[in-house]
Amino acid sequence: MSIVSNSLKRIKPSPTIAVTQKARELKASGKDIIGLGAGEPDFDTPDNIKQAAIQAIKDGDTKYTAVDGTPALKDAIIKKFERENNLKYQIDQITVGAGGKHVIYNAMMATLNEGDEVVVPAPYWVSYPDMVLLAGGIPVILECNEKQGFKINPSELEKTITKKTKWIILNSPSNPTGACYSEKDIREIAKVLEKHPHVYILSDDIYEHVVYAGFKFFTIAQIDSLKDRVLTMNGVSKAYSMTGWRIGYAAGPKEIIKAIAKIQSQSTTNPSSISQAAAVEALNGTQDFIKQRAKSFQERRDYVVKTLNEIEGIECLNPDGAFYVFPSCKGLIGKKESNGNVIKKDTDFVQSLLENNDVAVVQGSAFGLEGFFRISYATSMENLKKAMEKISSFCKSLK
Ligand SMILES: Cc1ncc(COP(=O)(O)O)c(C=O)c1O
């Protein structure tokens, strides 16, 4: 009998973390690998935030805090929702965890019963289906192809909802496609969800601040008729370049917030006290650098999309946000490498790109849509230029 639990057997390790790890190993063995696999900003955490953490250590803020976040951080989160999203919450509607991932995981563990369904639009962030499975739920994949801009078609959504649907997960801007839902898009989806009052909505807004050229961010909790069943998740990882600090949060129905605190009280207890102090400064301090950084991401997106579309066999949409693009490599399927290997699917393309051409990206099938790959352009222009040259010459070499 295996020591490993049955629920663990239902899931696989994160493929994006696996690619990053493989790239790290190849680098350590002396190869000059360009990593376009990891989903984290290449910018440093701003200095005012680091100083707040140093001050917290000096002030002795080094003990357990309230399980699901300090009052100071919850207050900063309430102010953020009011300032940026025009949403009002009470303190008992806020939870803080060790990263956005932790918050979503807790939400699934706190709410899913065996056999409950969760609608997960694909391409999806790799962790959603596995978190649902781990909690005993069933991920119901709703395919959103490139013809619909990788966004949900409301009438298709209608067809996926059953009596067993407990949640739908929305993610805009999206990882892995960068697709962003406008207010109009979200209102269309809301019309469907209004008809199904038993369905809760998890809105993953972690890339809220990585949007470009006039795109106006809108989140589904802003629709009054739905707000009572929306859990809005966000965090400091992407907007403030704080991936390593591990602070994520959510706002929503008190019952869910309380249930999450119960899980946290018996598992991780509070997220790091020092990181929480830093997150208070992130949310309350200057927000000036956010726009500058988004501008810099936009320049990189422009370059990457243009260059990819010049490569025969590759097609790439021009997304409005996040720091990812999700090009199609379908035009290269069936072609042969110089060593005779045939590219049969996206995983072959990605594997050869890493092992023979020193560029790490992630296959689309890991995100639930075969025939694509994800590029994270959260790296320097210099790296992007080198990577694009390598991708281009690899694609040209395929016969
Ligand atoms: C769509 C999405 N949601 C949530 C997260 C979790 O972010 P963190 O746990 O670092 O706060 C990520 C991180 O990559 C993400 O891409």
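Student: Which strands does helix α9 lie across?
Tutor: The model here is a predicted one. In it, α9 (residues 254-265) lies across β2, β5, β6, β7 and β8.

Student: At about what angle does α9 run to β2?
Tutor: About 30 degrees.

Student: What order do the strands take in the sheet?
Tutor: The order is β2-β8-β7-β6-β5-β3-β4, seven strands in an open sheet with mixed pairing. β2 (94-97) and β4 (138-143) are the edge strands, and each has a single partner strand, so one side of each has no neighbour in the sheet.

Student: How many degrees does the twist average from one strand to the next?
Tutor: It averages 20 degrees.

Student: Back to β4. In which sense do β3 and β4 pair?
Tutor: Parallel, over six bridges, with β3 covering residues 117-122. As one example, Val-118 has Pro-139 in β4 as its bridge partner.

Student: Switching to helices: how do the axes of α4 and α10 cross?
Tutor: The axes of α4 (residues 71-85) and α10 (residues 273-284) come within 9 Å and cross at roughly 25 degrees. Angles under 35 degrees count as roughly parallel, so α4 is roughly parallel to α10.

Student: Is that crossing left-handed or right-handed?
Tutor: The crossing of α4 and α10 is left-handed.

Student: And which residues meet there?
Tutor: From α4, Ala-72, Leu-73, Ala-76, Ile-77, Lys-80 and Arg-83. They meet Gln-276, Ala-279, Val-280, Leu-283 and Asn-284 in α10.

Student: How many nonpolar, polar and charged residues does the contact of α4 with α10 have?
Tutor: Seven are nonpolar, two are polar and two are charged.

Methods:
Residues are numbered from 1 along each chain as its sequence is written. This is a predicted model: local features need pLDDT of at least 70, side-chain atom pairs count only at pLDDT 80 or more; totals for chains, interfaces and linings use all residues. Side-chain values use heavy atoms; hydrogens and water are left out. Axes are lines fitted to C-alpha atoms, for helices over the stretch in contact, and angles run from 0 to 180 degrees between N-to-C directions. Helices (H or I, at least four residues) and strands (E, at least two) are DSSP runs, numbered from the N terminus. Angles under 35 degrees count as roughly parallel, over 145 as roughly antiparallel, 65 to 115 as roughly perpendicular and the rest as oblique. A crossing is left-handed if the near helix is turned anticlockwise from the far one by less than a right angle, and right-handed if clockwise. Contact means heavy atoms within 4.5 Å. Ala, Val, Leu, Ile, Met, Phe, Trp, Tyr, Cys and Pro count as nonpolar, Asp, Glu, Lys and Arg as charged, and the others, Gly among them, as polar. Two strands pair if DSSP finds at least two bridges between them.
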